[in-house]
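Hi,

Here is the structure I said I would pass on.

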Amino acid sequence: MINLAQLFHRTPLQPNVSERTFNLMCLTTAFVLAVHAPHVPWSLTIAFALGLALRWWQRKHRPGKVSGWIKVPMLLILVAAVIAQYGNVFGREPGSALAAGLLVLKLTESESSRDVRVGAAFACFLLMAALLFGQSLVATVVVGLGLLPALSTWRSLEPTQITSTLPRQLLPAVVLLAVSLPLAATAFLLVPRLSSPLWGTSGQQAARSGLSDEMSPSDFTQILSDDSPAMRVTFDGAPPPNHLRYFRAFVLWNYDGENWTRADRPEVASLPIETTGAVNYRINLEPTHQRVLPTLDVPMQAPAQSHMRSDGEVFAEKPVDDVMDYGLRSAVNYRLEGNIDADVRTMALQLPSGFDPRSHQLAAELRKRYGNNDVAIINAVLSLFHNGGFRYTLGPAPLGRNAIDDFLFNTHEGFCEHYASSFTVLMRAAGIPARVVTGYQGGYWNAMGAYLLVRNSDAHAWSEVWLPGRGWIRVDPTAAVQPQRINLGAQDAGGDQLAWYRSEWVESIRNHWDIVNRWWDKGVIGFDAMRQRGLLTPFGIRDADTGILERLLGVGIAFFGAVGLLWALWRRPEGDPALAAMRALERKLARAGVIRGRSEGPRNYLRRAIRSLPGQRTELDHLMRCYIELRYATVEPHPESLRAFRQAVRNFQPHRVV
Amino acid sequence: MRAPFQRLQRWAERRLPSLTRHRKQEQLPVILHRRRIYIVPTGFGVAFTALLMVMLTGSLNYANNAALLLTCVLGAATSISMLIAFRTLNGLRIHGLRAGYATAGNPIDVTFDFQATRLRQAVRLDIADSMHAFDVTGRTDVTVSLPTEQRGWLAIPRFRIWTTWPMGLFRAWSWSNPEYAVLVWPRPEFSGPAPAQPVEDNRRQRLHRGEDLAALRDYRSGDSMRHVAWKASARHDMLLVKDYEQPEARQEWRLDWRDLRGLDDESRISRLARWLGEAQAQGRQYSLWLPTEVITISSGSAHYARCMTALALMP
């Protein structure tokens, strides 16, 4: 049987790397594993952590090198595990998983200072790579903290290090990073951003969350339980009241019995709209990796680098892969499209054949009962939702093939999507043109930051019906069932799912914390090439191009270099403060013509000065006695008398006697 | 590998003195002024800078500002570490040197007296193929061992003070070449005859009389009449006897250069050195007669050092 201990013990112990250094290296690796944990599969993370712990234990109790007979198979297992998990080793996710594993393996050969240095540098790279998966404030701070053990590892490799506690070892790195911040901030502001990437950045997270351009039963449950911010809105003036905060993203026209999909309507410059009230606002949109730009109610015009379609959808030219900021003007009291074409009308009345017979029957009955009165039909359906035993829930019972029928006549429970969908179907069946609109509704008004925070969980779906002479009118059937949904927000409305962590004070902390996040998103993450170009606007430079930025960067670095050099060259005044004060006095007297001889004692010298400057006899006499006492009376001069002497020297001004 | 490199170095020093940055001999105290401190990135520093460039390109390409900020912080920390490395050496003062004693062939201890107003960490000293690492706070003594080959003055070789503090990314160094030499004593011969000295009794007595007395004591029967202190006794009503502190147990040695005819100078020196060592070890009294100098009879380590120094300085 192979003795395992022998395998570990091939070479006798020669600790080039102290235990402290190795522990710091292990801590660095643990940080790397932690920041990569969110996107590396749990099985791999746990395996890496186990490997790290095992190696730490092994070095502590059975120090020595690890044999190649262990290292090589472990490397093969690592590669195999990554391939088994992802299919290949290229790309962001498999690459980072492989790299994290390699770092753990690197620990098995960290027995020389060179290996440790390389390992810590690799760890720095991996820490940065973790930010490619998400650059939230928390992630960045954690990654920044991960730099501390890495820098301390390098530091601990230097000779003559005394052992101390972990915080004491990390403290110098904290100071170093803190001191680096001004220079780093300057570089961050001025390093010219690339206007287009050097190589492909595709393969970004495909459909993480956010609204989808179609509406199917499963989509919304996912997004409604996603608490991450979707966008932040600032208004010129007061924000609109909660019941008007409808942010339109997609307009869905086509229904196939299961899914609602959008129709590519033609692009328009503006909509045929008559308005009496408009709101100006800016939206700071989190990355969605889609092109759609949510807008409040009905936008008057598309923002820059985007276009609007005739149903009010706004699309950017490129997918929103980074935080995007855009300004808009929207109508709130309006008459939209007083007349519609025949083909639009056909689209708005389209229904799949062979689905939901009972709903069709109900619509026909309503039409028969109320005749030409479309408004009465709408109100009848809304009151049906209100009084018909319908319930708002985020976890409704599954629906069958005739989804609308099932919902209206059997389950009676669902959320916005079900209500909007069935309402629209009923309207169309009754001959009223209607469409589904998805987007966001509500949001949290952050009074401290004066902005409206809209979370992904504020996603909503509602209907728009077209009435002759009045145009498209928004009808929110969910409000009929659950008015709180509109007034409070989706989470409060889904009462039965309310968990302890959704309690009020936690929410309040979360909402305040969002201010910090917003600042981070706006100030740091959203600082793109365009914002950088506008950086110098206050100084009269409208469009700072790369050349200007580079020159400024050079100036900034030179400035900090000069400050650093001054610091590096500054020498603490050496020696005796009393002697230094005496030198100052000598300089003053020399200007008055009394130069101290090379071997002249202080007493003789000052007596000579008194003879040369008889007008200042008392002052000089006092100075002399003070100095003699300071220098020769006691071993350690009294700080009080020292201060008095220095003060007297400072006040002394020789008057030249002619 | 090393020898050709050293030859190249010597050639470069001769031909390109400004490039090699080696210092001429200088007076103590040596203060490392900023003009004589050089700094370059270490190999690891270069590699890490390349890694920073990769990180910068990556974060710019993915328009990832958080990663860019992190890279900038690391870059700034790197450049500050360069200043820290410089600051570790700037103003460092070699106040003085002290040498111990060693015979040729044995390493001699030389103590450097470093001074600094603030703490300098991980300072290293390269001298004569050995490396020493130390911190300097206030006054710090650093003792190094230098190999010796022959007796006489040994000039302190040129040495380098350097550091890679704080992170091993940059290496700052300064050459120094103080004008200071240490004296190496001659190497005693391994074995040889003992000093054959027919020392006459009267000379011994004469030498004794020249010595100070330890005390006077009462006469006891059996005391030699020679030891009676007559003058002192005349003032007292009894006989007083001069008491020598230690009766001479061993012969004293007269080590004379002229007794060693038939040997060459170095052999004479090394034989005398051996005799001196033996005499010192046996606690004898001895005198050393050299053509250049005569050291009268005495004993103790100061006497030994004086004799060995005289031997070491023999032409």
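Let's start with Asp213(A), which sits in the loop between helix H8 (166–190) and strand E1 (214–215) of chain A; helices (H or I, at least four residues) and strands (E, at least two) are DSSP runs, numbered from the N terminus. Before going on, some housekeeping: this is a predicted model, where local features need pLDDT of at least 70 and side-chain atom pairs count only at pLDDT 80 or more, while totals for chains, interfaces and linings use all residues. Residues are numbered from 1 along each chain as its sequence is written, chains are lettered from A and ligands numbered from 1 in the order in which they are written, and side-chain values use heavy atoms, with hydrogens and water left out.

Back to Asp213(A): it counts as partly exposed because its relative accessibility is 37% (buried means under 20% relative accessible area, exposed over 50%, partly exposed in between, with a 1.4 Å probe and protein chains only). Together with Glu214(A), Asp256(A) and Glu258(A), Asp213(A) forms a negative surface patch. Patches are made of residues with over 30% relative accessible area and no salt bridge, joining like charges within 9 Å and nonpolar side chains (Val, Leu, Ile, Met, Phe, Trp, Tyr) within 5 Å.

There is a nonpolar patch too, of about 400 Å², made by Val138(A), Trp513(A), Val516(A) and Trp519(A). Helix H18 (residues 504–525) of chain A gives the most to it, with three residues. Val138(A) belongs to helix H7 (residues 137–156) of chain A and is partly exposed at 44%.

Now the salt bridges (a side-chain nitrogen of Lys or Arg within 4 Å of a carboxyl oxygen of Asp or Glu). The whole structure has 33 of them over all chains. In one, Arg262(A) pairs with Glu313(A), with the closest N and O atoms 2.8 Å apart. That pair links distant parts of the chain, 51 residues apart: Arg262(A) is in strand E4 (residues 260–262), and Glu313(A) is in the loop between strand E9 (306–309) and strand E10 (314–316), both in chain A. Arg262(A) is buried at 18%, and Glu313(A) is buried at 0%.

Cheers

Note on methods:
Accessible areas come from the Shrake-Rupley method with a 1.4 Å probe; for residues, only the protein chains shown count as cover. Lys and Arg count as positive and Asp and Glu as negative; His and the chain ends are not counted. The place of a charge is taken as NZ of Lys, CZ of Arg, CG of Asp or CD of Glu.
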